[in-house]
Amino acid sequence: MTSVYFRKHIFLPQDHGSWVFIFCPLLVGLFIGARFTYASLSLVIASIATFLLRQSITIAVKAYSGRRAKSDLPAARFWIAIYGLIILFALFGLIRAGFAYLLALAIPGVPVFAWHLWLVSKREERRQINIEIIATGVLSLAAPAAYWVGIGRYDPIGWWLWILVWFQTAASIVYAYLRLEQRELTEIPARSELWKIGFRAFAYTTFNLASTLVLGAISVLPRIVFLPYLVQWSETLWGIFHPAIKWKPIRIGTRQLVVSTLWTILFIITWRW
């Protein structure tokens, strides 16, 4: 029975770098909200279980579309049921605590996930940078949710947290694609070619840095909240001129994880400064 149901590739995401896209917004919202309650725990459980549910449903779709063996279906169904029950209990805790309105934040995720599953059924889900950016926008809604739960009420500032986290993760995804593209190079090209390859990543991080600098200067955002974006911008600039030729994906992912972790810590500190 253990060998049938407890298959890691069915109940845990295999793209390990994706974990940062759920933990980053959760940590930002929880720490800036400053108060961890029973409702906060319910939100964390619901968010993580929903994130994990994606893997089991994806495996089921692959099995039904002929991409995986039908023998994976019993385990996929088992974990869909387990995660579904966990989500229901966690949502009950949120509703009981007076945060039923947070359920509306899950609505944008339905069409995005349906789109992803359709691509999976067509074997076209890989290298879909735009849908990944949109998907992280949905995951980033965990930031305002955790913030509102922490302060015990709705506050428009939560939307700023959502935008700021989403823009950071979007830039991180674009930069990761740049590094993966650089792996295919056989030699370091001319600087003009490096700029051409890295322009989109540079444009994303530059926009984020410039926006937070201006918004901080006019006191819309905390004045030094641009610092974590400066770290990401600096990493991108370095990466453009130091291409990841022959780098293993795990090396790229580890470096991305370190930068994202540093960004999260600095963002929380500079926001509360």
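Colleague: Which residues form one aromatic cluster?
Modeller: Bearing in mind that this is a predicted model, the cluster is made up of F99, Y101, W148, Y154, W159, W162, W166, F167 and F207.

Colleague: And how many aromatic pairs are there by this rule?
Modeller: The count comes to 19. One of the pairs is W195 with F241, which is edge-to-face, with 5.4 Å centre to centre and 85° between the planes. This pair links distant parts of the chain, since W195 lies in helix α10 and F241 in helix α11, 46 residues apart.

Colleague: What about W263 and F267, how are their rings arranged?
Modeller: They form a stacked pair, 4.9 Å centre to centre with 20° between the planes. The two are four residues apart in helix α12, so about one helical turn separates them. W263 is buried at 1% relative accessibility, and F267 is buried at 0%.

Colleague: Switching to the core, which residues touch the most other members?
Modeller: In the largest nonpolar core, which has 69 residues, they are V28, L102, L161, F267 and W271. Helix α4, residues 38-64, contributes the largest share of this core, with 13 residues.

Colleague: Which charged ends sit over the ring of W247?
Modeller: The charged end of R179 sits over that ring, 4.7 Å from its centre, and the charged end of R251 also sits over the ring of W247, 3.7 Å from its centre.

Technical notes: Residues numbered from 1 in each chain as written. Predicted model: local features only at pLDDT ≥ 70, side-chain atom pairs only at ≥ 80, totals over all residues. Heavy atoms only, no water. Core = buried A, V, L, I, M, F, W, Y, C linked by side-chain atoms within 4.5 Å. Buried < 20%, exposed > 50% of the residue type's maximum accessible area, 1.4 Å probe, protein only. Phe/Tyr/Trp six-rings, centres within 6.5 Å; stacked < 30°, edge-to-face > 60°. Lys NZ or Arg CZ within 6 Å of the ring centre and 35° of its normal.
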